[in-house]
Amino acid sequence: MKYELKTIIPSCDLLAIALHKDEKLSVKTKKLIGATVAKSIDNRLKSKDFEGTSGQSLVLYADEKKSKKLLLIGIGDKKNPEVQCYINCGGRVASMAKSLKAETASVIIDGTNISDFLNGF
């Protein structure tokens, strides 16, 4: 699988956003994804449709030009992070991209050692 690290979100078929348990979207992430998508995700977080527990995922259909589908993926407790959660997250994003027939995917993962995440691919 080919991957690139970027500081912008290119147009893609699947945009995955990794969140810790009970974490809200950061200001930086909200700017990257835009107000409409951020509001949709905030609503899912408020209603507890998604809580960020390790292994949890939720697919949303985007109404934006940047991505066709959104994947929220849980990476567990931020206070006691487990490397395996980040590795599993990477594998889960790759697996979901395949099952959703996404040819391109982008991932937003704040404040995490990216090498652990990439080990899951």
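The legends below describe views of a predicted model.

**Overview: the fold of the protein chain.** The protein chain holds four helices and four strands, and its order along the sequence is β-α-α-β-β-α-β-α. Helices (H or I, at least four residues) and strands (E, at least two) are DSSP runs numbered from the N terminus. Of the 121 residues, 40% are buried; buried means under 20% relative accessible area, exposed over 50%, and partly exposed in between (1.4 Å probe, protein chains only).

**Close-up 1: the positive surface patch.** Lys21, Lys24, Lys39, Lys46 and Lys48 form this patch. Patches take residues with over 30% relative accessible area and no salt bridge, like charges being joined within 9 Å; a salt bridge is a side-chain nitrogen of Lys or Arg within 4 Å of a carboxyl oxygen of Asp or Glu. Lys46 belongs to helix H2 (residues 35-46) and is classed as exposed because its relative accessibility is 71%.

**Close-up 2: the negative surface patch.** Asp22, Glu51, Asp77 and Glu82 make up a surface patch of negative charge. Glu82 sits in the loop between strand E3 (67-74) and helix H3 (83-99).

**Close-up 3: two cysteines.** Cys12 counts as buried because its relative accessibility is 6%. Cys89, at 2% relative accessibility, is also buried. With a disulfide taken as a pair of cysteine sulfur atoms within 2.5 Å, the count is zero.

**Notes.** Residues are numbered from 1 along each chain as its sequence is written. Local features need pLDDT of at least 70 and side-chain atom pairs count only at pLDDT 80 or more, while totals for chains, interfaces and linings use all residues; side-chain values use heavy atoms, without hydrogens and water.

Methods:
Patches are made of residues with over 30% relative accessible area and no salt bridge: like charges are joined within 9 Å, nonpolar side chains (Val, Leu, Ile, Met, Phe, Trp, Tyr) within 5 Å. Accessible areas come from the Shrake-Rupley method with a 1.4 Å probe; for residues, only the protein chains shown count as cover. Lys and Arg count as positive and Asp and Glu as negative; His and the chain ends are not counted. The place of a charge is taken as NZ of Lys, CZ of Arg, CG of Asp or CD of Glu.
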